[in-house]
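Hi,

Here is the structure I promised to pass on. Have a look at it first, and then read my notes below.

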Amino acid sequence: MALYFSLAEMRRILRIGLPVFIAQLSQIGMNFVDTIMAGRYSASALAGVAVAGSIWAPVTLFAIGCLLALPGMSAQLVGARKPERAAYLLRQGILLTLLLSTVIIALLYTLSHHLDLFGLDSEMEPVAAGYLRALLPGLPGFLLFINVRSFLEGFGRTRPAMVIGLICLLINIPCNYVFIYGHLGMPELGGVGCGVATSICYWCMFLSMFFFMHRDRTLRRYGFLGRDRVPLPPFRPDFGLIGSIFRIGLPNAVALCIECSLFALTALLLAPLGTTVVAGHQITINYSSIVFAVPLAIGMTATIRVGQNLGAGKQLQARISAHTALTLGVIIALFSMTATISLREHIAALYNDDPQVLALASSLMFLCGIYQVVDTLQNISCGVLRGYNDTRIISLVCLVSYGFIGLGGGYLLGRTDVLVPALGAAGFWYGYIISLSVCAVCYMARVHYLHGLDMDTVRERLAK
């Protein structure tokens, strides 16, 4: 397969992708602020927020994964010069969001009354339950924000989400302070106050995004209300389109849940090896999640650019977009890998000062550097597949590679002497690298197959 690379396309990807990266960091920052401020209030507040967060994350990731179909579908419609259909897609995405929110809120509310099943102590359980219930009102706001952001991404407009994300990150800090410690007439809620503050910020994000779309002269012609000269059909459910969004997004949702479960189960399987091992592993995972924002942003940008070009019938340009995104991602990953390996001891020291924890974390950082290259390849390839609406392979590959190779192989290498003497935490990181490599090979092979199709076949696949 011939390789295509364009400096002009690279500049477009950077222009679109940099705001996506900063927006992702702002969302990570909100979780970081919750953790830090809850920890300063009390140890039980920190533990309760952490436990509730571990329950909140996989469930909400499932909903976000279902909505990941929207950027690619929206970009295809914009590329095909059918922006009014993108607005119609936005409406149906909102209906799907309300349905997902209803189901998830009912599930998590019920679960919040039974957290004793997780063996939480008497101080931690009410904080975790209260924090989880406080987050629930904000869930529809956050998912509606994802919907409107996806609509804007179809037009390549990614800066509004960046600006709004940064502003809401700054709002989250004083909100946390008010509700955690009980200022300005508010009750002192402790760790639960973090959930109240985050819910408020989620609604601020959606309302700010909606206000921007409503005020923008170009976008308001095609927006939620169908203003000005572009009338939209009545706001009623289109179950066929809602089903298509869910069908395309479901493999992403399953993949995100499997990946999240892989890291959560790894921590549990390492727990018998002691606090030092778990702490060193968690430091490396936390750093990896921050670095992960880069390939995630490029992958989301690849979805937008590939979707726009396919919608416009520019198959060659779609290939150029895909290969340029992959090449750019690998270049950045190589720099990141070099920095991680060279500075691994200094990076670990930012988290902890225990010599044993630092020694283990530093050794795992070496593997984390290698991990970044294959993680970049698989993530951006996933983005390209979403641009083609070709996502069925994602959940299947994730199940096999993460579940059997990553977790199973990691357990064999880390906790048993079956293959080699038990490697501890390093064994699981070798499992990660192998499983992500398998994902990258499978996804890139699928991209190669899609690039070989003629445009008529591609159009038929996009229309399904």
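Let me begin with threonine 324, which sits in helix α12, residues 315-342. Please keep in mind throughout that this is a predicted model. Threonine 324 counts as buried because its relative accessibility is 0%, and the cut-off for buried is under 20%. Leaving aside residues up to four places away in sequence, threonine 324 touches Tyr4, Phe5, Ser6, Glu9, Met10 and Ile13.

The largest one has 64 residues, and the members that touch the most others are Trp56, Phe142, Phe145, Phe151, Met205 and Ile245. Helix α2 (residues 43-67) supplies the largest share of this core, with 11 residues. As background, nonpolar side chains in soluble globular proteins tend to be buried together.

**Helix α5**

Leu132 and Leu135 from that list are also among the buried residues of α5. This helix covers residues 124-135, which makes 12 residues, and it reaches 17 Å from its first C-alpha to its last, close to the 16 Å expected at 1.5 Å a residue. Helix α5 is mostly covered, with nine of its 12 residues buried.

**How α3 meets α6**

Next, a helix pair. Helix α3 (residues 69-79) packs against helix α6 (residues 139-154) at an angle of about 35°, and their axes are 7 Å apart. The crossing of α3 past α6 is right-handed. On the α3 side, the contact is formed by Leu70, Pro71, Ser74, Ala75 and Val78, which meet Asn147, Ser150, Phe151, Glu153 and Gly154 of α6. Sorted by type, the residues of this contact are five nonpolar, four polar and one charged. Phe151 is one to notice here, as it is also listed among the residues that touch the most other members of the largest core.

**Two loop residues with positive phi**

Arginine 81 has a phi near 60°, a positive value in a residue other than glycine. It belongs to the loop between α3 and α4 (83-112). Asparagine 389 also has a positive phi, about 60°, although it is not a glycine; this residue is in the loop between α14 (355-387) and α15 (392-415).

Asparagine 389 is buried, since its relative accessible area is 12%.

**Glycine 369**

With a relative accessible area of 0%, glycine 369 is buried. Glycine 369 touches Met337, Thr340 and Ile341, again not counting residues up to four places away in sequence. From glycine 369 to phenylalanine 335 the C-alpha to C-alpha distance is 9.6 Å, while the two are 34 residues apart in sequence.

Definitions and conventions. Residues are numbered from 1 along each chain as its sequence is written. This is a predicted model: local features need pLDDT of at least 70, side-chain atom pairs count only at pLDDT 80 or more; totals for chains, interfaces and linings use all residues. Side-chain values use heavy atoms; hydrogens and water are left out. Axes are lines fitted to C-alpha atoms, for helices over the stretch in contact, and angles run from 0 to 180 degrees between N-to-C directions. Helices (H or I, at least four residues) and strands (E, at least two) are DSSP runs, numbered from the N terminus. A crossing is left-handed if the near helix is turned anticlockwise from the far one by less than a right angle, and right-handed if clockwise. Contact means heavy atoms within 4.5 Å. Ala, Val, Leu, Ile, Met, Phe, Trp, Tyr, Cys and Pro count as nonpolar, Asp, Glu, Lys and Arg as charged, and the others, Gly among them, as polar. A nonpolar core is a set of buried Ala, Val, Leu, Ile, Met, Phe, Trp, Tyr and Cys residues joined through side-chain atoms within 4.5 Å. Buried means under 20% relative accessible area, exposed over 50%, partly exposed in between (1.4 Å probe, protein chains only). The expected span of a helix is 1.5 Å times one less than its number of residues.
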